[in-house]
Amino acid sequence: MKNTAVEREPVVLGENLDRIEAQISAACRAAGRPRGEVTLMAVSKMHPASAIVAAEALGVRVFGENRVQEFQEKNAQLAGAPGAEFHLIGHLQSNKAGRAAELFASVDTLDSVALAERLNQAASRLGRRLAVLIEIKLSHELSKAGLEPGSEELSLLLDRLPDLTALEFRGLMTVPPYLKDADTVRPYFSRLRVLRDEMAAAYPRLSFAELSMGMSHDFPVAIAEGATQVRIGTALFGARIYPK
């Protein structure tokens with residue numbers, strides 16, 4: 001019996017994508033923003049390579065993965081998705097920086113000077129520039145990663161980034177608390193936008209063009225608050241099957 005939670009039929013995936021695209025377009029119109037300002041990232045963690053290939057065939061270009069090892073295993077099966085770009089959106093340990101620099105177009109969870117220097121060294125050896133976002137922690141949940149606003153490490157990182165020439169700093173990302181009422185998440189998105197504006201003024205040598213925020217249940221609110229990238233998994237691929 002086919003497990004449709006793991007292997008999405010192309011027609012179902014297409015219907016989900018059409019619905020999401022309509023919602024993104026509607027949120028952009030309501031916010032007075034062009035649709036082209038918002039990138040859909042398909043969060044493919046815990047989904048098979050076949051789901052990525054099917055989504056890429058439907059026009060999805062940016063995908064988010066949580067773990068280096070999981071994506072490394074999938075990568076060999078992705079010849080059928082030549083236009084796909086992969087971002088690491090899970091916490092990255094410094095000892096895996098070298099492999100991450102090889103596998104991903106962007107590391108969206110930068111959270112220390114040490115990790116930035118490791119990634120810079122790895123990207124330099126590969127002769128490439130690696131895109132990065134700083135992950136900002138705005139909730140008090142212990143399970144959430146990232147740098148807290150106003151922390152010394154954040155200031156040190158922002159001061160250091162212009163000299164790390166193999167890294168292309170693009171902006172900020174955050175993972176707010178999961179709250180059923182999407183509008184109650186709005187203050188977190190608003191705060192990240194305000195922080196971005198303050199940092200852009202304080203660090204004119206850096207580009208803060210990207211705001212990665214908003215997931216399947218709250219992305220319209222994130223778009224209203226200025227998101228340039230929304231990370232959507234369940235609404236596109238269906239529920240994930242986690243290993244026991």
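In the predicted model, residue E70 is found in helix α3, which covers residues 68-75. With a relative accessible area of 12%, E70 counts as buried, because this value is under the 20% cut-off. The side chain of E70 is joined to that of K74 by a polar contact of 3.2 Å. When neighbours within four places in sequence are left aside, the residues in contact with E70 are S44, K45, M46, H47 and E65.

One of these contacts of E70, E65, belongs to strand β2, which is made up of residues 62-65. Along β2, V62 and G64 point to one side, whereas F63 and E65 point to the other, and all of these residues are buried. Helix α3 is also part of a β-α-β unit with β2 and β3, and this unit is right-handed.

With strand β1 (residues 39-43), the pairing of β2 is parallel and extends over three bridges, and within it M41 stands opposite V62.

For I134, once neighbours within four places in sequence are set aside, the contacts comprise L110, L147, L154, L157, L158, L161, F169, G171, L172 and M173. In soluble globular proteins, nonpolar side chains tend to be buried together.

A contrasting setting is that of P204, which is located in the loop that connects α7 (186-202) with β7 (210-212). Residue P204 counts as exposed because its relative accessibility, 68%, is over the 50% cut-off, whereas E70, at 12%, is buried. Although P204 and F219 are separated by 15 residues in sequence, the distance between their C-alpha atoms is 28 Å.

Methods
Residues are numbered from 1 along each chain as its sequence is written. This is a predicted model: local features need pLDDT of at least 70, side-chain atom pairs count only at pLDDT 80 or more; totals for chains, interfaces and linings use all residues. Side-chain values use heavy atoms; hydrogens and water are left out. Contact means heavy atoms within 4.5 Å. Helices (H or I, at least four residues) and strands (E, at least two) are DSSP runs, numbered from the N terminus. Buried means under 20% relative accessible area, exposed over 50%, partly exposed in between (1.4 Å probe, protein chains only). A polar contact is a pair of N or O atoms within 3.5 Å; within protein, one must be able to donate a hydrogen and the other to accept it, and residues adjacent in sequence count only if both atoms are side-chain atoms. Two strands pair if DSSP finds at least two bridges between them. A crossover is right-handed if, with the strands pointing away from the viewer, the path from the first strand over the helix to the second runs clockwise.
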